[in-house]
Amino acid sequence: MIRPKPLAVLLFVNINGGDQMKCPTCNKKMDCKTGKYQYSESGLDNVYLLGVEVCKCSCGERSVSIPAIMELHRVIGIALVTKDTALTGKEIKFLRKNIGISGKVFAEVIGIDRSTLSRWENDNQVVSKSNDRLIRLVYLNFKGIAQKKIQIQIRDKFKEIKHEKKKSFRFTIPVKDWVPGPNMCEI
Ligand SMILES: [Zn+2]
């Protein structure tokens with residue numbers, strides 16, 4: 001299994017008004033740009049962040065400044081539980097990790113064996129229609145998301161889920177959608 005690389009999250013330090021981002025490996029000044037970043041560290045295949053600061057160094061080192069990661073993950077989680085195709089293994093894993101519980105506890109909550117959960121998360125076993133929905137509901141419950149808006153979405157969205165389709169989730173999210181107030185990454 002390929003483990004996602006740990007995310008190098010650097011604090012956005014703005015010294016003397018210039019971009020003084022130093023490479024953590026060779027200490028050279030890094031070349032920083034605000035742009036699009038494939039957020040593979042989330043464990044998901046097709047999540048792109050728009051407007052984040054990506055710094056590159058001539059030595060090959062790369063770092064990205066992602067503000068408000070908790071809120072970002074919440075936004076991704078809501079997009080997953082309201083998508084209209086079946087959840088993939090990686091998506092189930094993302095949701096479980098985002099509520100911060102172990103595979104053992106999650107399996108207990110869903111009412112399945114730990115080994116079944118592993119097979120789900122590794123796409124080695126098909127998740128039934130009702131378990132797919134149960135996972136979404138458990139996620140919303142653990143996250144304390146129960147606003148009227150989401151409830152309506154569930155009522156309408158769940159009917160539309162094409163469970164036979166496991167389409168790869170593609171999600172592009174501009175930084176302003178999860179960071180309130182002025183965009184701290186803007187140069
Ligand atoms: Zn370097």
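Helix axes are lines fitted to C-alpha atoms over the stretch in contact, and angles run from 0 to 180 degrees between N-to-C directions. The legends below concern a predicted model, in which local features need pLDDT of at least 70, side-chain atom pairs count only at pLDDT 80 or more, and totals for chains, interfaces and linings use all residues. Residues are numbered from 1 along each chain as its sequence is written.

**Figure 1. The crossing of helices α3 and α4.** Helices (H or I, at least four residues) and strands (E, at least two) are DSSP runs, numbered from the N terminus. Helix α3 and helix α4 (residues 114-121) pack at an angle of about 105°, with their axes 9 Å apart. α3 is therefore roughly perpendicular to α4, a term for angles of 65 to 115 degrees. On the α3 side the meeting residues are G103, K104, F106 and A107, and on the α4 side they are R114, T116, L117 and S118. Contact here requires that the C-beta atoms of two residues, placed from the backbone, lie within 7 Å. By class, this contact has 3 nonpolar, 3 polar and 2 charged residues. Ala, Val, Leu, Ile, Met, Phe, Trp, Tyr, Cys and Pro count as nonpolar, Asp, Glu, Lys and Arg as charged, and the others, Gly among them, as polar.

Figure 2. The protein has 6 helices and 4 strands, and from the N terminus on its elements run β-β-β-α-α-α-α-α-α-β. Two strands pair if DSSP finds at least two bridges between them. Strand β1 (residues 31-38) pairs with strand β2 (residues 47-56) in the antiparallel sense over 8 bridges. Within that pair, C32 has C55 of β2 as its bridge partner. Strand β3 (residues 62-65) also runs antiparallel to β2 and is joined to β2 by 4 bridges; here C55 stands opposite S63. With strand β4 (residues 171-174), β2 pairs in the parallel sense over 4 bridges, and Y48 stands opposite T172 of β4.

**Figure 3. Residues with positive phi.** The hairpin of β2 and β3 has 5 residues between the strands, and in this hairpin G60 takes a positive phi near 105°. N27 is not a glycine, yet has a positive phi of about 70°. N27 lies in the segment before β1. Is N27 buried or exposed? N27 is exposed, because 10 other C-beta atoms lie within 10 Å; a residue counts as buried with 20 or more such atoms within 10 Å of its own, exposed with 12 or fewer, and partly exposed in between, the C-beta atoms being placed from the backbone. A68, also not a glycine, has a positive phi of about 45° and is placed in the loop between β3 and α1. With 14 other C-beta atoms within 10 Å, A68 is partly exposed.

Figure 4. I69 counts as partly exposed because it has 14 C-beta neighbours inside 10 Å. The C-alpha atoms of I69 and W178 are separated by 8.6 Å, although the two residues are 109 residues apart along the chain. A79 is likewise partly exposed, with 14 other C-beta atoms within 10 Å. A79 and F171 are 92 residues apart in sequence, and their C-alpha atoms are 8.1 Å apart. Among contacts in the protein between residues at least 6 apart in sequence, 69% join residues at least 24 apart.

**Figure 5. The surroundings of I99.** I99 is found in the loop between α2 (89-98) and α3 (103-110). The 17 C-beta neighbours inside 10 Å are the reason why I99 counts as partly exposed. Which residues does I99 touch, not counting those up to four places away in sequence? I99 touches Y139, F142 and K143.

**Figure 6. The largest nonpolar core.** Buried residues make up 21% of the 187 residues in the protein. A nonpolar core is a set of buried Ala, Val, Leu, Ile, Met, Phe, Trp, Tyr and Cys residues joined through C-beta atoms within 7 Å. The largest such core has 24 residues, of which L49, V52, L80 and L95 touch the most other members. Two or more residues come from each of β2, α1, α2, α4 and α5 (129-142), and the largest share, 4 residues, comes from α1. In soluble globular proteins, nonpolar side chains tend to be buried together.

Technical notes
Angles under 35 degrees count as roughly parallel, over 145 as roughly antiparallel, 65 to 115 as roughly perpendicular and the rest as oblique.
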